[in-house]
Amino acid sequence: MKTLEDRRAQLLARRSELETRLHDIDDELDAHQSKDWEELATEREGDEVLEGMGNAGNAELALIDAALKRIDSKEYGVCAKCGEAISEERLDLLPYTPLCRNCAA
């Protein structure tokens with residue numbers, strides 16, 4: 001069973017990893033400046049994929065930040081919908097989840 005400090009460390013590590021990845025995505029998006037139309041079209045297609053990855057990363061960052069706030073307010077591990085405890089197994093898989101398995105379904 002992980003302690004709240006273990007969970008906090010896990011969330012902070014994932015947050016750091018995501019911030020690095022999002023910074024790399026931003027750098028890649030800013031680097032595309034091709035003058036050739038065909039290359040530019042290919043870059044645009046790649047940009048759409050990178051933007052999707054960036055959006056997903058930003059959404060996960062928001063979930064992580066919310067989970068860290070729940071840790072600070074002593075509400076972490078409690079379902080935001082029904083008030084029941086979230087199982088350790090679920091928190092191991094999704095440490096930022098605000099919902100128990102039943103409410104998430």
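Guide: From the N terminus on, the elements run α-α-α-α, and the chain has four helices and zero strands, where helices (H or I, at least four residues) and strands (E, at least two) are DSSP runs numbered from the N terminus. This is a predicted model, in which local features need pLDDT of at least 70 and side-chain atom pairs count only at pLDDT 80 or more, while totals for chains, interfaces and linings use all residues. Residues are numbered from 1 along each chain as its sequence is written, and side-chain values use heavy atoms, with hydrogens and water left out.

The largest nonpolar core holds 17 residues, of which Leu11, Ile64 and Tyr76 touch the most other members; such a core is a set of buried Ala, Val, Leu, Ile, Met, Phe, Trp, Tyr and Cys residues joined through side-chain atoms within 4.5 Å. Two or more residues of this core come from each of helix 1 (4-31) and helix 2 (37-72), and helix 2 gives the most, with six residues. In soluble globular proteins, nonpolar side chains tend to be buried together.

Leu11 shows what such a position looks like: leaving aside neighbours within four places in sequence, Leu11 is in contact with Ile64, Ala67, Leu68, Ile71, Tyr76, Pro95 and Tyr96, contact meaning heavy atoms within 4.5 Å. Across the chain, residues 24 or more positions apart account for 54% of the contacts with a separation of 6 or more.

Buried residues (under 20% relative accessible area, with exposed over 50% and partly exposed in between, using a 1.4 Å probe and protein chains only) make up 29% of the 105 residues in the chain.

Lys74, in the loop between helix 2 and helix 3 (88-93), counts as exposed because its relative accessibility is 68%; its phi is near 65 degrees, a positive value in a residue other than glycine. Thr97, in the loop between helix 3 and helix 4 (101-104), counts as buried because its relative accessibility is 6%. Leaving aside neighbours within four places in sequence, Thr97 is in contact with Arg70, Ile86, Arg90 and Leu91, and a polar contact of 3.2 Å joins the side chains of Thr97 and Arg90; a polar contact is a pair of N or O atoms within 3.5 Å, where, within protein, one must be able to donate a hydrogen and the other to accept it, and residues adjacent in sequence count only if both atoms are side-chain atoms.
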